[in-house]
Amino acid sequence: MKNGYVKIVLLVGLVIFLNNGCKPKDCKEDGSCAEEYYRIRIKEPKSYLWALPGSYWIYKNTKTGDLDTQTCIGFLYDSVKVRGDQPNSSFITIEYDVLRRTIKSSFNQWNYSDGNGPNSPNFENFNSGRIILHRIASNTSGEISPFFYPFNDGDATSNGSSATISKGMDTSLIVQGNTYYNVAKFDIDMDDIWYSTNQYPNAIYYWAKDVGLIKRWNKSENYSWELIEYNILK
């Protein structure tokens, strides 16, 4: 497992905002610049991640038949205002959305902490609109990024331990006899939070709009956890 990564602490409990900036403008010769304000929102990703406490997803293991009920036990959606503290950002203020959630697994009794990370005017491209979700399992020091936006096929992100590549979108996908729509797919080269005989399996995560995670395929060992029932509280 990797060490040294900043862990997201969920207060009331999915997706990192790595929305990154604009170049200084309206600056005078003396170096002073006109105040700039940017409001950065989570838009499309909300429909994949929103689930108030009490929401649940029931998954079936395609290899063993085991069931895993994952229940949202904490959720936070708020906004944070940050002002730059570097010479080229001290005149910039951003206000960005923060989404956090905690999910309890009945199968392994782990908590999964999901959330987008910090943003700052100090980042070179803070307003790019990119959103990355981080997931941490309570039993490990592992951390993966199983979801990010935009859903551009071939885009990638990495945290230094595992890399995630977007596999684009499926208009529809049938899982356990149920049809889901607008499914975003992500390939994780080393899923170090998976309970598995292969310590770091290659895994594919499937996310459906208005539902959330519908399938986790352990590609290395050829079995999946697939959604059979869910109830999302809005």
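The model is predicted: local features need pLDDT of at least 70, side-chain atom pairs count only at pLDDT 80 or more, and totals for chains, interfaces and linings use all residues. Residues are numbered from 1 along each chain as its sequence is written, and side-chain values use heavy atoms, without hydrogens and water.

Begin with the whole chain in cartoon view. It contains one helix and 13 strands, taken as DSSP runs (helices H or I, at least four residues; strands E, at least two) numbered from the N terminus. Of its 234 residues, 50% are buried, that is, under 20% relative accessible area with a 1.4 Å probe, protein chains only.

Next, select Asp68, Phe107, Asn108, Trp110, Tyr112, Ile193, Trp194, Tyr195, Arg216 and Trp225, which line the largest cavity. A cavity is a set of points on a 1 Å grid over the protein atoms alone where a 1.4 Å probe fits but cannot get out; lining residues have an atom within 4 Å of a point. Its volume, the space filled by probe spheres set on the points, is about 70 Å³. The lining comprises seven nonpolar, one polar and two charged residues; Trp and Tyr count as nonpolar, Asp and Arg as charged.

Then select Trp57, Tyr59, Gln70, Arg101, Ile103, Arg135, Gly212 and Leu213, the lining of the second largest cavity, whose volume is about 40 Å³. Colour strands E2 (56-61), E4 (92-105) and E12 (212-218): each supplies at least two residues of this lining. By class, four lining residues are nonpolar, two polar and two charged.

Methods: On a 1 Å grid over the protein atoms alone, a cavity is a set of points where a 1.4 Å probe fits but cannot get out, and a pocket is an open set with protein on both sides within 12 Å along at least five of seven lines; lining residues have an atom within 4 Å of a point.
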